[in-house]
Amino acid sequence: MARATTACLFTVHFLSCIIVCHQDSSSNRPREQNTVSESSRRFRTEFLEDWPQTPGAPYFDPSTPENVTGLVGHSVTLLCKVKNLQNRTVSWVRHRDIHLLTVGRYTYTSDQRFEAQHKPRSEEWALRIRSPQRRDSGQYECQISTTPPIGHAVYLSIVEPETEIMGGPDLFIYAGSTINLTCIIRHTPEPPSTINWTHRGKTINFDSTRGGISLVTEKGIHSSSRLLVQAARTSDAGAYQCVPDNAQSATARVHVLTGETPAAMQGNAKELSLSFVLYVTSVTLYLIFIT
């Protein structure tokens, strides 16, 4: 009888231990599950940029530029601003050859001049082009991976610094009048530090005994330099060159007239006269033929 009682008490104690262990295990399981869920959420948010789900479809910020101008050899960035992206991806495509350049933060081209740029948690997705060339001009598109995809086109113009003397390459000036040469410098990374002028290959000396020579220079997005030579003489004729320090030079040839008609103008007049004679002759022959 005593042995039966002892066995019964042992069985009851064993079952009690099992129940307690089961309860402890059940109480810890939700905590472990919560820890795993929190870690997964943080991983998606920090590394995969899993944006919080918000109502509405993604769209492009209206302030996203549609035209970008860059300079040859100077890095240029095409910017795309996307609102409410959620779990979609942003890509850049070049229209010229339908070439996929970037997807998200990854670059998908062997041309190492192209680079995807994006700051975590930012709405801006950029395409950077290092050392762009004229051939890189054209249309690019920022696309969102909706169904169907939606895109925002950006036109890129790559230009080179250029210099022009207005009215050139030949200018005709009457003796005694003022020679007015205006040089325009466009598309430079910054305004030129200096803009020099030469006449017949020699730098113009504004303090020479000749006198009456002045210069007016304005610097900005488009810089200009105006050379004024008063009381023009035949010795003032010849090639004038505008030489900015950060762009190509430009040349104009000045002809100082002393009363005679310049050869170029005579040539144009002869061409016009010949054209008129041919026109009258053709009309006359046509009238004779139809009558």
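Two strands count as paired if DSSP finds at least two bridges between them. The model shown is predicted.

**View 1. Strands β3 and β8 pair antiparallel.** The pair joins β3 (residues 76-83) to β8 (residues 124-129). Leucine 78 stands opposite leucine 127 of β8.

**View 2. Strands β7 and β8 form a hairpin.** Between the two strands lie 6 residues. Arginine 121 sits in this turn, with a positive phi of about 70 degrees. β7 (residues 114-117) runs antiparallel to β8, and 4 bridges join them. Alanine 116 has leucine 127 in β8 as its bridge partner.

**View 3. An open sheet contains 6 strands.** Their order is β2-β10-β9-β4-β5-β6, and the pairing is mixed. β2 (67-71) and β6 are the edge strands. Each has a single partner strand, so one side of each is left without a neighbour in the sheet.

**View 4. Strands β4 and β5 pair within the open sheet.** β4 (residues 90-94) and β5 (residues 99-103) run antiparallel. There are 4 bridges between them. Tryptophan 92 has threonine 102 in β5 as its bridge partner.

**View 5. Leu100, Tyr106 and Tyr108 make a nonpolar surface patch.** The patch covers about 350 Å². Tyrosine 106 counts as exposed because its relative accessibility is 57%, and the cut-off for exposed is over 50%.

Notes. Residues numbered from 1 in each chain as written. Predicted model: local features only at pLDDT ≥ 70, side-chain atom pairs only at ≥ 80, totals over all residues. Heavy atoms only, no water. Patch = residues over 30% accessible without salt bridge, like charges linked within 9 Å, V, L, I, M, F, W, Y side chains within 5 Å. Areas by Shrake-Rupley, 256 points an atom, 1.4 Å probe, with all protein chains shown as cover. Salt bridge = Lys/Arg side-chain N within 4 Å of Asp/Glu carboxyl O. Buried < 20%, exposed > 50% of the residue type's maximum accessible area, 1.4 Å probe, protein only.
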